[in-house]
Amino acid sequence: RVAYVNGQYVPHSHAAVHVEDRGYQFSDGVYEVCEVWRGQIVDMTAHLDRLDRSLSELQIASPMSRAALVQVMKEVISLNRVKNGLIYMQVSRGVAPRDHYFPPAGTLPSVVMTAKSVPAGKMDKVAEQGVGVITVEENRWDRVDIKTVGLLPNVLAKQKAKEAGAREAWFVDKNGLITEGGSTNAWIILKNGTLVTRPATHGILKGITRAGVLKLAEMKGFSVEERGFSLEEAKSAQEAFLTSASGLVMPVVKINETILGDGRPGPIVQDLRKSFHEASE
Ligand code: PDD
């Protein structure tokens, strides 16, 4: 495997950033995960737009032109022979002697990019069974709309989920409403077939897959309500699912100890999963 690190393509096993990188010391950086499907980068423009937004919210300089970034993305895909898989890219504020204040103007952001293959059907197998989620108290900062590498609450929540035999943890805010998962957006489907997901105005990352599903739902004529929903409402939902670039549309069949429906992925979520790439093409 080959990785891109600050202008060079290096063996993945030797790809490293400096110990004084601000991403390493302060989580002072942002990232994107993009899906590669049949050799194409899914929703590439939307991911690059969100990267730009994350960078500008943190006042990190844009590391290179968009054309150059796209070139690197294509190169890591091709060097790693990825047909179906994921791209990871991270931009930090760069390398400088440790000091909380921003480094001097002109400090170059660090850019790292990797690509890996995901065996065809791997996630489909998970999706056939559906996954469980647990709920945890929301304990993240209020700028989760920025896709930063500061993911410790997410890491702890997801590990707790794993130890409980679940795949994802849903954060519940102080109003009792579910915000999102540790690395996914959260959705429920009501008994009348309406899709419900939290508005991307506050408390969640505005997922690219979420946007794709909103578009797909509209194409299919499903009714959608962008509003908060509580754990109680989720537990009585007909179906539920998670969205992310790495899992696409992932059916949820269990929330804490409550089994949804008959405990198997329902028809609407299966339909959305099957048709997802149609809408993003
Ligand atoms: N996670 N919410 C959070 C907190 C996320 O980290 C992610 C993405 C999403 C879904 O966003 P999108 O549909 O654009 O992937 C929502 C990536 C996949 C990750 O951290 O691996």
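**Close-up views of the strand pairing and the ligand shell**

**View 1. Pairing of strands S5 and S6 in the predicted model.** In S6, Val111 is the residue that forms a bridge with Val91. This pair belongs to a model that is predicted, in which S5 and strand S6 (residues 110-117) run antiparallel and are joined by eight bridges.

**View 2. Strand S5 and its pairing with S3.** Over eight bridges, S3 pairs with S5 in the antiparallel sense, and Gly29 has Ser92 of S5 as its bridge partner. Strand S5 (residues 85-92) is largely enclosed by the rest of the structure, because six of its eight residues are buried.

**View 3. The shell around the ligand.** The ligand is surrounded by 20 residues, the closest being Tyr31, Glu180, Ile208, Thr209 and Ala245. Strand S3 (29-37), strand S9 (178-181), helix H6 (208-219) and strand S13 (239-244) each contribute at least two residues to this shell, and both domain 1 (2-118) and domain 2 (123-280) provide at least three residues each. Sorted by class, the shell consists of five nonpolar, 11 polar and four charged residues.

View 4. The ligand taken alone exposes 470 Å², of which the protein buries 91%.

Note on methods: Residues numbered from 1 in each chain as written. Predicted model: local features only at pLDDT ≥ 70, side-chain atom pairs only at ≥ 80, totals over all residues. Heavy atoms only, no water. Near = heavy atom within 4 Å. Areas by Shrake-Rupley, 256 points an atom, 1.4 Å probe, with all protein chains shown as cover. Helix = DSSP H or I, 4+ residues; strand = E, 2+ residues; numbered from the N terminus. Nonpolar A, V, L, I, M, F, W, Y, C, P; charged D, E, K, R; others polar. Domains from an automatic or database assignment. Buried < 20%, exposed > 50% of the residue type's maximum accessible area, 1.4 Å probe, protein only. Pairing = 2+ DSSP bridges.
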